[in-house]
Amino acid sequence: MRLITPTSLLFPLLAFVGLGTFVSGLGTQCSAPVTSGTASPNAPFWLEQIQHQGTAPFNSNPGGYQVFRNVKDFGAKGDGVTDDTAAINAAISSGNRCGSGCGGSSVSPAVVYFPQGTYLVSSPIISYYYTQLIGDAKHMPTLVATPNFQGIAVIDADPGWYVNQNNFYHSIRNFKIDVSRMPTSATGTGIHWQVSQATSLINIVFQMSTAPGNAHQGIWMENGSGGFMGAKDLVFNGGKFGMWVGNQQFTVRNITVNNADTAVYGLWNWGWTFQGVTINNCQVGFDLATGGTTQANQGVGGEAIVDAVVTNTPIFVRSSQPSNGVLHGSLVLNNIRLNNVPTAVAVANGQVLLNGGTTTINSWAQGNVYTGTNPNGRFVQANIPAINKAGVLLDSAGRVFGKGHPQYANYAPDQFVSVKSQGARGDGQTDDTAAIQAVLNKFSGCKIIFFDAGVYVVTSTITIPAGTQVVGEAWSTILGTGNAFFDYNNPVPVVRAGESGSQGVLEITDMIFSTRGPTAGAIVLEWNVHDPAGQQGAAGTWDTHIILGGKAGTNLQANNCPTSGAGGNNCFAAFLALHLTPSSTAYLEGLWVWTADHDMDQGPQINIYTGRGIMSESQGPVWLVGTASEHNILYQYYLVNAQNHYMGLIQTEAPYFQPNPVPPAPFIPNAAYKDPALGPGAAWALTVSNSQNILVFGAGLYSFFQNYGQACLDTFDCQQQIVDVDAASTVGIYSLSTVAAQFMLSVGGQGVVPNAANRNGFAQTLTAWTRS
């Protein structure tokens, strides 16, 4: 959430043919591992056929509320002739959901499913809050805008109903979106995507006009605080803009833009990371509005691009304004392959900063560069020393490894097992510990474990064995509560991903891990599993989140935990949100670790307490792609004795109530969890101790408040220090944007990089920091 001021600014089909080696033992009901899908080529996607038993237990009508909706059940034809707009919107809105005037709600989730077909629409499809729009992953449906289409976009994630920085829980997957029938003069737009965290775009093809001078665009985003998009793949064909975007921060992975005038137009940001970009036959690759140096005139503050291939495009990156020797928008380029691209980096006035051609740009930067403990940076528009990336983090082509959201497109319904069919209730009240563990013990490795939509209460640790795939529905929730998780002197995992030292595939998608307070001793997710040899990214999570408080059923809402602090000990949410243990590896994409700053259902801000955010002791490889960790007491990200991590983009916020109390209060230090030395008065956004081969490629680390006051924003001193790296660690940090921390980066607890030298609009941006 961003409560800063009113002026704050917005694959080919995934068809697994094999899931690799399952090193751990199979479940007791298994005779052989599930290693490939058995669905016939013409069969629908398994999600269409599986029994749907999902519920919303805290909805006002839990017995009658429908989570899964097939648009054809609401009258959509998908025949390419009938106007399906009204039927689709009825499927989305049915059940008194969170629409106009709502603001936010945790009690009305929905999966809206589109079977194979062509769906004509004449006005926007409105994606309500807490909605997954999912097409058939085997036979992608097409959404076609009629020639007389009226409205902002084919899919609209915010028609002005939501606070853009709080517009959580939207996912759109598996569609072709075609606006090419609209007049070329019309601003035909595929998706209006003004969203925040817990959002994703996956496997979407945008088809636009290729006529000269057309005004079409794939994605339009003017505001928000995201977020992740990409996975595998987003493809944009034609148009004036592939993407026209402005948002505080975002991570974009694996996009392709063909034959657009401009592949990506950036209006404003504090920091975006693009990982894996292909641009073919455009006029400009990235066109960036720069030069804004105040909050009221914010331009593109930070753009970090890694692993791009650009072909037959006259200009790769173009800024609207010259920098004139000072920071007016930061840019970092790494591993950029140009094929017939005459100009690599330019300014709109014609100035060429870097010539192109057919060549590879290793590492190039525009902005302020720092080294070691030297507080004096230097402004560069030049090659910089090669960005160090551990080999285990790269794929066979030398690019940062990535893996798309598993959807199991070629799997048949009988290759899944429902936890509700095996006795779990998911009603938010029944203790489902034994039922869930029994399902995992019986079927892990030979069935994909399907958590029907619901809230599953557990009162002791659930262990997910290595060799397991877990799939949720509308972010199914495992909710830890009870005496086992009460004592912060004796923390206990709610969910354990693999036994200590285990090895194997472990994939978790579309789940939430949470607690019902008070749970001061909860380690919400302990991650132990290690990839099998030769299988990068085999253990990971996608569109999965750790959400603590601020939701119905958590006992950590505004009526329990007001900002006065009157909730006291009843408002402990967790000891530690996520622990990556020393023997683990992890691929975490789109993960949001959120200790709630406000109540999604009741609205007001709240005081709840999670001691620690993400702690990694992993030796790697670890990929943290488009992740965020917010409002935890001691730290948001902590790397200790760790190795071989890629982190891009990471995003944090300090607790709004700090320094009241001053950390570690209301917790106490715990030597067993190697708690770091504390910064003065506020949580660390990122602290690194005795860790090697760590690459941070894009970070937005923010401090907006002091005890709920915001006068500190005007004086840039909401906290003193925000990032700390000790003398023993090897870390490279690129495109770091902070807000209102006096020192943007510290070494050994001593402030080094002052924000005063790096003001860049509302945020302050450091282009690069390395040890030497």
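**Notebook: cores, cavities, a strand and a helix**

I began with methionine 243. Leaving out residues up to four places away in sequence, Met243 touches Ile219, Met229, Phe236, Val252, Ile255, Ala263, Val264, Tyr265, Trp272 and Phe274. I count a contact when heavy atoms lie within 4.5 Å.

This is a predicted model, where local features need pLDDT of at least 70 and side-chain atom pairs count only at pLDDT 80 or more, while totals for chains, interfaces and linings use all residues. Residues are numbered from 1 along each chain as its sequence is written, and side-chain values use heavy atoms, with hydrogens and water left out.

**Cores**

Next I looked up the nonpolar cores. I take a core as a set of buried Ala, Val, Leu, Ile, Met, Phe, Trp, Tyr and Cys residues joined through side-chain atoms within 4.5 Å. Buried means under 20% relative accessible area, exposed over 50%, and partly exposed in between (1.4 Å probe, protein chains only). The largest core has 217 residues. Tyr169, Trp193, Met243, Phe316 and Trp527 have the most contacts inside it. A second, separate core holds 23 residues, including Ile384, Ile387, Tyr587 and Ala768. I noted the general rule that in soluble globular proteins nonpolar side chains tend to be buried together.

**Cavities**

A cavity is a set of points, on a 1 Å grid over the protein atoms alone, where a 1.4 Å probe fits but cannot get out; lining residues have an atom within 4 Å of a point. Points are joined across faces, edges and corners, and the volume is the space filled by probe spheres set on them.

The largest cavity has a volume of about 210 Å³. It is lined by 23 residues, and Ser106, Tyr130, Val455, Thr477 and Lys551 are the closest to its centre. Strand 29 (468–480) and strand 31 (506–515) each give two or more residues to this lining. Helices (H or I, at least four residues) and strands (E, at least two) are DSSP runs, numbered from the N terminus. Strand 29 gives the largest share, six residues.

The second largest cavity has a volume of about 140 Å³. Of its 18 lining residues, Trp46, Ile134, Arg173, Val471 and Asp510 are the closest to the centre. Helix 1 (46–49), strand 6 (131–135), strand 29 and strand 31 each give two or more residues here. Strand 29 again gives the most, with four residues.

**Strand 37**

Which way do the side chains of strand 37 (residues 592–595) point? Trp592 and Trp594 point one way, Val593 and Thr595 the other, and all are buried. Strand 34 (residues 545–548) runs parallel to strand 37, joined by four bridges. I count two strands as paired if DSSP finds at least two bridges between them. Leucine 548 has threonine 595 as its bridge partner. Strand 37 also pairs with strand 39 (residues 622–630), in the parallel sense, over three bridges. There, tryptophan 594 is partnered with glutamate 630.

**Helix 2**

I finished at helix 2 (residues 85–93). Thr85, Ala87, Ile88, Asn89, Ala91 and Ile92 are buried in it. These buried residues pack against strand 1 (68–70), strand 2 (79–83), strand 3 (110–114), strand 4 (118–121), strand 5 (125–126) and strand 6. Just after the helix, glycine 95 takes a positive phi of about 100 degrees.

Key. 1 Å grid on protein atoms, 1.4 Å probe; cavity = no way out; pocket = protein on both sides within 12 Å on 5 of 7 lines; lining within 4 Å.
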